[in-house]
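Here is a quick tour of a two-chain complex. Have the sequence and the structure open as you read.

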Amino acid sequence: MDKLVFGAALQTGDMLIYLILFVIMFAIVIKFAYAPVAKIMAKREDKINGDLDYAEDTRKKADDLAAKRNSELKNTRAEATQIVQNAQKSGETQRDQIVSQAQSEAQQLKSNAQKDAEQARVDALASARDDVAQLSIQIASKLISKELNADDQKALIDSYIEGLGDTNGSR
Amino acid sequence: MDEKLPIVNFGGLSFNLANDISGLLACLIVIGLVLYLSRKPSLRPGKRQNVLEWLIDFVHGIVKQSMPGEEGRKFYGFAFVLFMFIFMANQLGLILEINVGDYNFVKSPTSDPVVTMTLAALVLLMSHYFGIKKWGFGTYLKNYTRPIALLTPINILEEFTNFLTLSLRLYGNIYAGEILLKLIAQFMGSFGVVSFIPGALLEMVWQAFSVFIGSIQAYVFVTLSMVYMSKKLEQE
């Protein structure tokens, strides 16, 4: 069997040579070129996958943080409003308190002052009455040159002055 | 065409030196090329590594067409070497044609049916080997009766036709290309300048087309190899 298709010769040795050549070439190419590059390619694929996953993760985390921050911001705003309201309310009550205190104090002062004035008037009236009585007696005793007993005439004078005070007091 | 074959007999085997030398040359070119392209591979590829990675991705794509899953992974390296070798062997005869006396020493090794049949036999024997390894011998034989027992003779016949079509397709394409190259070369020298200029143009056009054919045939050979391989690895 040394003729093959179309009368081409069958070289059995070539088959052997080609088998050996192919195996050697296969070994060299795989070991020194294909395997390292394929490994690098796989590694790159892994790295890209990892990076993409990491990016996805990070983005999700960032979204979570943003949502949390937003809700916190809202809370804070509500809290701030609350605080301001509280402050307003307490300020108002304090103001009311101060005003009412001031009013009552003023009332107190006013009533005290009135009382004092009344007292002063009464005192002044009393002392004036005494003085008038004294003077009247002295004048009378001078006029009638007679020793008048102040005590004996006091009731009479007082009744006069009472009448005077009544006309004066109505004014 | 009329060249004598430089045949050497050694130890009961006959060697066609033209095949052997050009085969060795193709091997050396492939090895040199991939080693040159793969120096210092890194995660950030350089220009050379990009070229090699493109080639590897291309061949991986061929394998994935017939074996998309994990199963095809163990054939990636084989398919890559096979593709590179057949591609180089196809182009070798277009750039280099060395004749010493009447003897031709360097041509496309794939323009000889012995070489293509060796490659096809290698591929198909591997497919049988992996088929038996995966299913066990009994199931492997039973697979010939699928999908129905009636088709068993055709299934067996198919093994031989696969072998012949796979090898002779490649051989025929490359051999015809080389024949036409030589014919055009003869035409170039037949009438002096009058035939040289159109002949040279024609030769250039045909060489360019042969580069295309050689690439396509390398692609087809690897694709069909992987199809036959996957057929043995799956049950219908």
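## Chain A

Chain A has two helices and zero strands. This is a predicted model, and in it 7% of the 171 residues of chain A count as buried.

UniProt, in an unreviewed entry, puts a "transmembrane region" at residues 15-34 of chain A. How much of that span is helix, and how much is strand? Over residues 15-34 of chain A the answer is 100% helix and 0% strand, with 25 Å between the end C-alpha atoms.

## Confidence

For the complex it reports an ipTM of 0.82 along with a pTM of 0.71. Chain B comes out with an average pLDDT of 86, and 98% of its residues score at least 70.

## The annotated spans of chain B

Chain B also carries the "transmembrane region" label from an unreviewed UniProt entry, here at residues 20-38, 75-94, 114-132, 179-202 and 208-229.

Two of these spans can be set side by side. Residues 75-94 of chain B are 95% helix and 0% strand, and their end C-alpha atoms sit 29 Å apart. Residues 179-202 of chain B are 83% helix and 0% strand, and for that span the end C-alpha atoms lie 14 Å apart.

## A hairpin in chain B

Chain B has some strand too: β1(B) and β2(B) run antiparallel and are joined by four bridges. Looking across the pair, you'll find Asn9(B) opposite Ser14(B), which belongs to β2(B).

The hairpin has two residues between its strands, and Gly11(B) takes a positive phi near 60° there.

## Where the chains meet

Notes:
Residues numbered from 1 in each chain as written. Chains lettered and ligands numbered in written order. Predicted model: local features only at pLDDT ≥ 70, side-chain atom pairs only at ≥ 80, totals over all residues. pLDDT = per-residue confidence, 0-100. Pairing = 2+ DSSP bridges. Buried ≥ 20, exposed ≤ 12 C-beta atoms within 10 Å, placed from the backbone. UniProt positions renumbered as here; feature names shortened; annotations may be inferred.
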